[in-house]
Amino acid sequence: MAVNYAADPAVNTLRDYLRIRSVHPNVDYDDCLKFLKQQAAGIGLPVQVFEVLPRKPVLVMTWEGTQPELPSILLNSHMDVVPVFEKSWTHPPFDAELVDGVIYGRGVQDMKSVAIQYLEAVRRLKNKGVQLKRTVHLSFVPDEEVGGAKGMGEFVKTEHYKKLNVDFALDEGIACATNEYQVFNGERSIWHLNVVCPGKSGHGSLLLPDNCGEKIRYIIDKFMDLRQVSKQRLASDPSLTIGDVTTINMTMLNGGIQDNIVPEKMTASFDIRLALSENMEQFENMIKQWCAEAGNGVTYNFSQKDAYVPSTPVDDSNPYWLAFKDAADKLGITLAVRTFPGGTDSRYIRAVGARALGFTAVHLTQSSLHEHDENLPVEQFLRGIQIYEEILPAVANA
């Protein structure tokens, strides 16, 4: 007999959240705040809204523990979602269609489903009369999908955040296609680099000296050769995942005003994700050397340059990890510890001293983050709520 998922209150709460178009660019978070306040009221959680920067609100719900003086637990999620190309979607991205047990919608994996799983797990625990030792805060932040600097990046600097007394946080992970559940204890450092190659401008028919095209070719070759090293390393070692290697992609080329004029400047931009094993000082010195070798006047600058942030320990030194792992063992689920391939708000939380794990309680599901027809099987969504019902008391009572 087919399950009537359309009648499930948790499913409908998720679908309602997905219908809010909190999509870049120029996100208006007002409808998210209204929706989340209604959810908090239904569960019985007090709410605070902090607007550290204009139009960049952070909403925090709080479930006070029996020992509120202890350091707290944070369940973090972001309200924003990436843009869509609506014509490429089979199912309208903000209709939250439920088809054959699968919900389609922008943000259903990244990461509105996780936010609703947190809320539903708290709701069920409270309805059972469960009391937790540590206070649990649920944060809903803006602008993660554009780097998070004006969202969680600013929030962690405030007295508001410090008063939350966060010691351990859960944040987003990635759905896993295998039977395992992925848990992420660290992230690579993001560098967005621009290399500027100046040169002598003139007529396109001449072989002028000090040519910006020759300089930029040298730079591109160096970065692409290093990219190939990472590709080969990843291909040759099955134990490695993408988060274990440094990735380099050229993302923009700029320069020129007309096809018969040699420009006076060309710029190449690169997205670099530095592996945790990379020596950042040595890596930047290598870039400096390449620029010097490329020719006169070649310089570089960063539009983003993340500092190294240590990973969260996943050993006996971390009581939250032991509690998390114990809950997973009781559930009979297998965890695969990974380094996150992209960037999440966890890095800001770790940078100010709290331990954090990225975890999306979904397996046997192909990741469709940022893709057309982003989707999630309802069965996985509901199972994830049950998983958080076990994990949350474990870490909050650690």
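This is a predicted model: local features need pLDDT of at least 70, side-chain atom pairs count only at pLDDT 80 or more; totals for chains, interfaces and linings use all residues.
Q: Which residues touch the most other members of the largest nonpolar core?
A: They are Y17, L138, F140, F324 and F359, in a core of 67 residues. A nonpolar core is a set of buried Ala, Val, Leu, Ile, Met, Phe, Trp, Tyr and Cys residues joined through side-chain atoms within 4.5 Å, and buried means under 20% relative accessible area, with exposed over 50% and partly exposed in between (1.4 Å probe, protein chains only).

Q: And which helix gives the most to this core?
A: Helix α10, residues 378-396, gives the most, with ten residues; helices (H or I, at least four residues) and strands (E, at least two) are DSSP runs, numbered from the N terminus.

Q: What does L138 touch?
A: Not counting residues up to four places away in sequence, L138 touches L45, L59, V60, M61, L75, Y118, L119 and V122, where contact means heavy atoms within 4.5 Å.

Q: Changing topic, how do α1 and α2 pack?
A: Helix α1 (residues 9-18) and helix α2 (residues 30-43) pack at an angle of about 160°, with their axes 10 Å apart. Axes are lines fitted to C-alpha atoms, for helices over the stretch in contact, and angles run from 0 to 180 degrees between N-to-C directions. The two helices are therefore roughly antiparallel, since angles under 35 degrees count as roughly parallel, over 145 as roughly antiparallel, 65 to 115 as roughly perpendicular and the rest as oblique.

Q: Which residues make that contact?
A: On α1 they are T13, D16 and Y17, and on α2 they are C32, F35, L36 and Q39.

Q: What about α2 and α3, at what angle do they cross?
A: The axes of α2 and helix α3 (residues 112-127) cross at roughly 15° and come within 10 Å, and these helices are therefore roughly parallel to each other. The contact is made by F35, L36, Q39, G42 and I43 of α2 with I116, L119, V122, R123 and K126 of α3.

Q: Is F155 buried or exposed?
A: F155, which sits in helix α4 (residues 152-155), counts as buried because its relative accessibility is 1%. Leaving aside neighbours within four places in sequence, F155 is in contact with F50, V52, V58, V60, H160, Y161 and L164.

Q: Now the backbone: where are the cis peptide bonds you can tell me about?
A: One joins H24 and P25, with omega about 0°, and P25 lies in the loop between α1 and α2. Another runs from D110 to M111, with omega near -15°, and M111 is found in the loop between β5 (102-104) and α3.

Q: What is phi at D143 and at N165?
A: Phi of D143 is near 65° and phi of N165 is near 60°, positive values in residues other than glycine. Most residues other than glycine have a negative phi, and most peptide bonds are trans. D143 is buried, with a relative accessible area of 6%, whereas N165 is partly exposed, at 35%.

Conventions: Residues are numbered from 1 along each chain as its sequence is written. Side-chain values use heavy atoms; hydrogens and water are left out.
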